[in-house]
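Biologist: Could you walk me through how to read the features of a model like this one, beginning with the links between its parts?

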Amino acid sequence: MNKRVLSCSYLGAQSFLIEVEIDISTGLPIFSIIGLGDTAISESKDRIKTALKNSNFPLIPKKIIVNLSPAGLKKEGAHFDLPISIGIMVAMGFIKDKFNILDNYLFIGELSLSGKIKSVKGAINTVILAKELGYKGVVLPADNYYEANLIKNIDIISVSSLKDASDFITNNIKKKLKLKPICIDNQIDIDFSDVKGQTMAKRGLEIAAAGKHNLIMIGSPGSGKTMLCKRFQTILPPLTDNEIIKATKIHSIAGKLSKTNPIITSPPFRSPHHTSSPVSIIGGGKKITPGEVSLASTGVLFLDEIAEFPRAVLESLRQPIEDKKVSITRALYKVEFDSDFILIAASNPCPCGYYFEGDRCNCTQTEVNKYMKKFSGPIMDRIDLHIEIRQLSETELTTLNKCKSSKEIRSNVIKARNIQYSRLGIGRCNSDMNQSEISKYCVLSKEDRLYFKKVIKILNISARSYDKILTVARTIADLDNSHEIHKKHLMEALSFRKK
Ligand SMILES: [Zn+2]
């Protein structure tokens with residue numbers, strides 16, 4: 001008796017349809033799984049046997065051959081447990097596929113020995129694939145129901161046990177789970193008003209959030225740069241529907257979703273330590289998993305003390321920043337993940353940290369240059385906003401007025417984002433503009449153009465920086481709700497450029 005159950009396999013962010021073929025014949029009772037599976041798949045034989053027995057479907061001693069097709073594609077993970085068990089149950093006659101479910105639904109799920117179905121990585125990818133290929137739906141673990149439900153107009157059947165799955169196949173019983181509402185707002189207990197003064201730095205972060213510009217903050221220890229950068233997440237707008245799917249997808253592949261965090265609704269804020277391994281930052285490993293640059297997609301990658309990161313890591317950040325995608329190459333295949341984040345970096349200006357504080361710095365100029373050079377080469381020209389901040393004096397600290405809250409800044413950011421979305425399309429910001437969009441939307445008056453040309457000549461600014469200044473000026477004009485880029489917008493953009 002031969003049966004076929006449909007499932008899915010992943011390679012990076014890509015998914016592929018897999019046919020799980022089950023052949024049962026008389027002969028020596030053996031159970032073998034073929035078709036380039038990893039160890040998790042070969043171990044699934046024992047899980048399946050025990051789970052079937054404990055769910056009152058004891059295996060009949062026969063020759064069972066399972067083939068995962070196409071055989072040439074390497075397959076990983078334990079999520080084939082469910083499709084294999086379903087195939088065996090139908091082939092052995094324990095359940096009948098009266099409703100033609102096996103031809104119309106994809107199956108994924110890992111079994112526990114008791115027959116319960118456990119959540120799997122990448123469930124949302126299976127749903128996306130099933131929808132693209134025109135299948136009716138997906139049968140998947142109840143714990144993956146939330147993420148699967150982000151994809152509309154496809155039938156999601158959640159199952160908690162082999163019994164649930166057999167109920168669905170034999171009687172077409174669909175257990176519907178209730179979705180609890182998830183709060184979309186950032187629930188973070190920090191606020192911009194916690195940091196006194198530093199108006200220029202705060203303004204820089206506001207511009208960065210509005211136009212998705214990369215930013216670096218260079219300042220002495222105690223100037224509040226880390227505090228400010230951490231508060232950046234409190235002024236970002238909520239994710240768009242498409243971004244929620246994108247962020248959830250990458251977290252699902254990485255196995256980073258949980259019962260308390262079943263989907264990603266706020267912009268991720270990732271802050272890897274400078275001692276993190278290159279693989280954990282860029283992605284890769286034996287079983288290729290997304291790194292911090294991909295988990296930060298749709299949100300923020302915060303590199304505190306950027307000069308402390310190994311040069312090799314900083315160099316390998318070029319491609320993800322530039323292409324908004326990271327590719328990991330293996331001998332036989334290449335895997336790609338998104339890496340579409342806003343880079344926020346912070347650094348001391350010199351090894352001792354007090355270069356801006358005059359006499360307090362005891363570094364030589366050579367030491368200072370060497371320190372700055374660590375990140376200036378690979379990263380600096382990919383950063384749109386450069387901010388230098390100094391420690392506030394005691395008098396400044398005591399005389400400062402009340403400052404803007406995160407909520408106030410965020411509402412400005414959202415307004416500016418909406419202007420950009422209506423100009424460039426939902427989810428696209430000024431920093432995403434291509435050359436022709438820059439020429440179209442960053443028009444200067446004749447007088448301002450001449451002024452700008454003069455300034456860039458004096459400052460010796462590169463062509464890449466030229467465009468970056470224009471896009472920043474566009475964002476500043478959007479924050480000002482101005483259709484045109486005026487001289488004041490341009491001058492403010494220039495003030496965030498150190499070279
Ligand atoms: Zn120093």
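Modeller: A salt bridge is counted when a side-chain nitrogen of Lys or Arg lies within 4 Å of a carboxyl oxygen of Asp or Glu. In this structure, which is a predicted model, the count between domain 2 and domain 3 is 2 salt bridges. Arg203 forms a salt bridge with Glu492, and the closest N and O atoms of that pair are 2.6 Å apart.

Biologist: Which residues do the domains cover?

Modeller: The domain assignment gives domain 1 as 2–171, domain 2 as 192–404 and domain 3 as 433–499. The contact between domain 2 and domain 3 draws on 17 residues from domain 2 and 12 residues from domain 3, while the centres of these two domains, taken over C-alpha atoms, are separated by 24 Å.

Biologist: What area is buried between domain 2 and domain 3?

Modeller: Interface size is often expressed as the accessible area lost when the parts come together. Between domain 2 and domain 3 the buried area is about 1400 Å², with carbon and sulfur atoms giving 58% of it, and 6 residue pairs, both residues at pLDDT 80 or more, are in polar contact there.

Biologist: Which residues coordinate the zinc ion?

Modeller: The zinc ion is coordinated through the SG atoms of Cys350, Cys352, Cys361 and Cys363, at 2.2 to 2.4 Å, and these donor residues follow the spacing C-x1-C-x8-C-x1-C in sequence. The site is tetrahedral, with angles of 106 to 114° among its 4 donor atoms.

Biologist: Is Cys350 buried or exposed?

Modeller: Cys350 counts as buried because its relative accessibility is 0%, whereas Cys352, at 24%, counts as partly exposed.

Conventions:
Residues are numbered from 1 along each chain as its sequence is written. This is a predicted model: local features need pLDDT of at least 70, side-chain atom pairs count only at pLDDT 80 or more; totals for chains, interfaces and linings use all residues. Side-chain values use heavy atoms; hydrogens and water are left out. Donors are N, O and S atoms within 2.8 Å of the metal (3.2 Å for Na, K and Ca); water is not among the atoms, so sites may look incomplete. Four donors count as tetrahedral if all angles lie between 85 and 135 degrees; four count as square planar and six as octahedral if opposite donors are over 155 degrees apart and all others between 65 and 115; anything else is irregular. Buried means under 20% relative accessible area, exposed over 50%, partly exposed in between (1.4 Å probe, protein chains only). Domain bounds come from an automatic or database domain assignment. Contact means heavy atoms within 4.5 Å. Buried area is the accessible area (1.4 Å probe) that two parts lose on being put together, summed over both. A polar contact is a pair of N or O atoms within 3.5 Å; within protein, one must be able to donate a hydrogen and the other to accept it, and residues adjacent in sequence count only if both atoms are side-chain atoms.
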